[in-house]
Amino acid sequence: LASAAAVAGGSAALDKMRALAAKYPANVTMGEELVQTKVRVATYNVWWRYGPWEERQGAIVAALRAVDADVVCLQESWKEAAKDGASQAQIIAGELGLQHYAFEGKRNIDGFLIGVAILSKWPIVASAGKALPPAGYDDEFRSVLRAAIGGPRGVMHVYCTHLNWKPDQSDCRAKQLAEICKFIKSAPKTGEGADPGVMPPVLCGDLNAVPDSDEMRRLTGRSEAYEKGLTLVDAWDVARPGAAGHTWSNDNPWAERELLPSRRIDYVMVGHPLAGGRGHATSAAVFGDKPHESALGPLLPSDHLGLVVDLRY
């Protein structure tokens, strides 16, 4: 085993080499200085109106307020089906001071829609949704939502989705991801909300698939890509290589009772870095793992844990 002195010496040597390497431009930055400004993106499956949902709402807001994200993607978010009905996205956005939001969802359960939402501190200049195929299984009305967000350093396209959940439906998730990749590739290049190429696409959501599953391997380019010229990088892998990062965790009593293994199934995925390293993940963490005091006692906000990531922007 290496001694502490040897380890320290090796670390010092690598630091010296990093200083040397910094003098030579990296291919990925395309001649630009490495961007130091960031956008913070959070994704969270908020478990619709299940369990003690009214008490959980305060815990959800507290967890999201603590991470202080610029952009928040929600799955299993609810909205009253009646025209101009209240929505969880609207309520949470108001609580967090995020002035802009969009919702996409068609499944109606007892007068409430269940779907995905994107919240932003900056204007959503355009949004669009797309239904995803059930691929021969019961139709769970899955969808993907795109928001063109007019941030201070240019428009970025953020996508939010939630795929079929059953472990035996890998083939369905693959077909849904194939449609999502087509949707990303078809993003408008001109007009309002067009992608100016400042930031690679960001896909957030509960993908219900572990990182080495067949469907994720295709998305990340470790197998045949769904669309030529499009693969996405798992931000957790970049910022926290080797860390478990379980977002479905048996440390969470809401999840533990379902008797499934702990897994990492919620993601922030991003296209390969652009000039200046834009899109590169510099940090990542799970959240929503601390109990919130409620009228019912200590309460975790959801059956999932959330994920928050900083991206160069």
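Lys 130, Glu 179 and Lys 182 are linked in a network of salt bridges, a salt bridge being a side-chain nitrogen of Lys or Arg within 4 Å of a carboxyl oxygen of Asp or Glu. This is a predicted model, in which local features need pLDDT of at least 70 and side-chain atom pairs count only at pLDDT 80 or more, while totals for chains, interfaces and linings use all residues. Residues are numbered from 1 along each chain as its sequence is written, and side-chain values use heavy atoms, with hydrogens and water left out.

By the salt-bridge rule the count comes to 13. One of these joins Arg 173 and Glu 215, at 2.8 Å from N to O. Arg 173 is in helix H4 and Glu 215 in helix H5 (residues 214-219), so this pair links distant parts of the chain, 42 residues apart; helices (H or I, at least four residues) and strands (E, at least two) are DSSP runs, numbered from the N terminus. Arg 173 has a relative accessible area of 3% and is therefore buried, and Glu 215 is buried at 2%. Here buried means under 20% relative accessible area, exposed over 50%, and partly exposed in between (1.4 Å probe, protein chains only). Arg 142 and Glu 140 form another salt bridge, with their closest N and O atoms 2.6 Å apart, and both residues are buried.

Helix H4 covers residues 170-185 and includes Lys 185. Lys 185 has a relative accessible area of 40%, so this residue counts as partly exposed. Leaving aside neighbours within four places in sequence, Lys 185 is in contact (heavy atoms within 4.5 Å) with Glu 227, Lys 228, Gly 229 and Leu 230. The C-alpha atoms of Lys 185 and Glu 227 are separated by 8.0 Å, although the two residues are 42 apart along the chain.

Next come the aromatic rings. Rings of Phe, Tyr and Trp (its six-membered ring) pair if their centres lie within 6.5 Å; planes under 30 degrees apart count as stacked, over 60 as edge-to-face and the rest as tilted. The whole structure holds 8 aromatic pairs. Trp 78 and Phe 112 form an edge-to-face pair, 5.9 Å centre to centre with 85° between the planes. Because Trp 78 lies in strand S2 (residues 71-80) and Phe 112 in strand S4 (residues 112-120), the pair ties together parts that are 34 residues apart in sequence.

The charged end of Arg 49 sits over the ring of Trp 78, 4.8 Å from its centre, and Arg 146 lies over the face of Phe 183 at 4.2 Å from the ring centre. The rule asks for NZ of Lys or CZ of Arg within 6 Å of the ring centre and within 35 degrees of the ring normal.

Strand S4 is mostly covered, with 9 of its 9 residues buried. S2 and S4 run antiparallel and are joined by 8 bridges; two strands pair if DSSP finds at least two bridges between them. Strand S3 (residues 100-109) is also antiparallel to S4, again with 8 bridges. S3 and S4 form a hairpin with 2 residues between them, and Asp 110 in the turn has a positive phi of about 55°.
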